Amino acid sequence: MQAPELPSFDYQPQPYHGPSAEEVLRLRRQFLNPGLFLYYKQPLMIVEGKAQYLFDGHGRRYLDALGGIVTISVGHCHPTVVEAARRQSELLQHATTIYLHPNIAEYAEKLAAKMPGDLKVCYFVNSGSEANDLGLLMARAYTGNYDVIALRNSYHGGNAAGMALTAHRTWKFNVPHSFGVHHAIAPDPYRGAWGRDDPLAGHHYAADVKSLIDHATSGQVAAFIAESIQGVGGCVVFPDNYLKHVYEHVRAAGGVCIADEVQTGFGRTGTHYWGFETQDVVPDIVTMAKGIGNGAPLGAVVTTPKIAATLAQRIHFNTFGGNPIVCAQGAAVLDVIDREKLQANALKIGKQIFAGLERLKAKHNLIGDVRGKGLLLGIELVKDRATKEPAMTECAHVLETCRDMGLLLGKGGLYGQTIRFSPPMCLHQQDADFLLDVLDRSFTVV
Ligand SMILES: Cc1ncc(COP(=O)(O)O)c(C=O)c1O
């Protein structure tokens, strides 16, 4: 298939002299977790990244429209971020929080300044799963309650707590883990009972949370947790006012509200710095990871002084959380987002891509739905628009043909039927044109 040309980019990747993709695959198969999955029939080996682009071992360039699964927020190997990490690595790599260190304290102040309301106390961990685990502990310790409401179609991590909260059979092992966790109906306006044409959809979906509290718990709950847009579930955007109504029900039942901002934070939604702000709510606990560190193993939980005080009943310790290097990198990410106005860019380029995807939907029947905010977008593929039968084989095929043309995309949804776009927020207009052109050609073939 004829591929359009990638936008020009003044950067020469270093020559790669390491093992071949075939050799790496062999090593992976022999020595790594056999459950690891690969995206493409002919596995792609990435050895270098710069800004919104990735390079394979042969020096071929790809537009990265997945961003390391929503993790590369400001661009691959951003010089400011690299320099901050390098400088700190040369001075001190680790000491733990039993000693004072300026980075963790200054970074906490900087992160707290980005939060609304009374969300001012930061805890640093190493991943999103760990952040959600800690968020649950806080909620249970603070409220004295046990039951937790999460949503179907959610993803919150792969550890015991994350798996309990997650509601996707793909990611759940058949072992005991979900104690006290109940899953409410996913507020999905495309597949759910109430669509975008219903102005009360948010209210209706929220009523299921109230019903769940009344029927599945003692009437008192510890927490409600939700992603502000369901990412792994296929970029599901909740109807307006959904979280507002839910938060009222949950707080009336003695619970606190947790926003999982692992994918939606740090300006990615374009209109707001945090995804929950698009629903006009202020949570009691916010969990973060991925884009917070632009690739550093950094996660955070931010909460109110009142909730944090409960957790001081015992010692809560984390060896690596808030390590000097990741804090330096996290602080640099915050600076770059502001200095380079990446939130505004996510809004502008996100709108351009969204409009282009709507045009593709008008042209290709395979696209059942276009949705998302800023640079967190998705298109759900269906075999038939009336039955909405998921088109997973076609989705995998589109991913393959796009890769052949130099575009790397993500996949989500219960059946792997939704294409996900979450590129670094430094994406340019020409990249968006390229992305849409490649998709159009790919849909024409598929
Ligand atoms: C919304 C959300 N929460 C939590 C997690 C878990 O994060 P981690 O993989 O860093 O443990 C993920 C990971 O994909 C996620 O998308």
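The stops that follow cover the ligand site, several salt bridges and a few individual residues.

Before the first selection, note that this is a predicted model, in which local features need pLDDT of at least 70 and side-chain atom pairs count only at pLDDT 80 or more, while totals for chains, interfaces and linings use all residues. Residues are numbered from 1 along each chain as its sequence is written, and side-chain values use heavy atoms, with hydrogens and water left out.

**Stop 1: the ligand**

The shell consists of Ser127, Gly128, Ser129, Asn132, Tyr155, His156, Gly157, Glu227, Asp260, Val262, Gln263 and Lys290. Which helix supplies the largest share of this shell? It is helix α5 (residues 128–143), with 3 residues. Helices here are DSSP runs (H or I, at least four residues), as are strands (E, at least two), and both are numbered from the N terminus.

Colour the shell by residue class, and it divides into 2 nonpolar, 7 polar and 3 charged residues. In this scheme Ala, Val, Leu, Ile, Met, Phe, Trp, Tyr, Cys and Pro are nonpolar, Asp, Glu, Lys and Arg are charged, and the others, Gly among them, are polar.

Next, display the distances to the ligand's oxygen atoms. A polar backbone atom of glycine 128 is 2.9 Å from a ligand oxygen. Glutamine 263 places a polar side-chain atom 2.8 Å from an oxygen of the ligand, and for a polar side-chain atom of lysine 290 the distance to a ligand oxygen is 3.2 Å. The ligand taken alone exposes 390 Å², of which the protein buries 83%; accessible areas come from the Shrake-Rupley method with a 1.4 Å probe, and for residues only the protein chains shown count as cover.

**Stop 2: helix α3**

Move to helix α3 (residues 79–91) and show the side chains of arginine 86 and glutamate 83, both of which lie in it. These side chains meet in a salt bridge, at 2.7 Å from N to O. The term denotes a side-chain nitrogen of Lys or Arg within 4 Å of a carboxyl oxygen of Asp or Glu, and by this rule the count comes to 17 salt bridges. The two residues are 3 residues apart, about one turn of the helix.

Is glutamate 90 buried or exposed? Its relative accessibility of 60% makes it exposed, whereas arginine 86 is partly exposed at 37% and glutamate 83 is partly exposed at 28%. Buried means under 20% relative accessible area, exposed over 50%, and partly exposed in between (1.4 Å probe, protein chains only).

**Stop 3**

Select aspartate 280 and lysine 244, whose side chains meet in a salt bridge at 3.0 Å, N to O. Aspartate 280 lies in the loop between β10 (256–260) and β11 (285–288) and lysine 244 in helix α8 (residues 242–252), so the pair ties together parts 36 residues apart in sequence. Aspartate 280 is exposed at 54%, and lysine 244 is partly exposed at 32%. To view a network, select Arg191, Arg196, Asp369, Arg371 and Glu380, which are joined by salt bridges that share partners.

**Stop 4**

Threonine 304 is found in the loop between β12 (299–303) and α9 (305–311) and is buried, at 12% relative accessibility. With neighbours within four places in sequence left aside, threonine 304 is in contact (heavy atoms within 4.5 Å) with Asp118, Leu119, Val121 and Asp284.

Glycine 412 is in strand β16 (residues 410–412) and is buried, with a relative accessible area of 5%. Under the same exclusion of neighbours within four places, its contacts are Val232, Gly234, Gln417, Thr418 and Arg420.

**Stop 5: two positive phi angles**

Finish with cysteine 235, in the loop between β8 (229–230) and β9 (236–237). Cysteine 235 has a positive phi of about 55° although it is not a glycine, and it is buried at 3% relative accessibility. Asparagine 294, in the loop between β11 and β12, has a positive phi near 55° and is buried, with a relative accessible area of 7%.

Technical notes. A residue is near a molecule or strand if one of its heavy atoms lies within 4 Å of it. A polar contact is a pair of N or O atoms within 3.5 Å; within protein, one must be able to donate a hydrogen and the other to accept it, and residues adjacent in sequence count only if both atoms are side-chain atoms.
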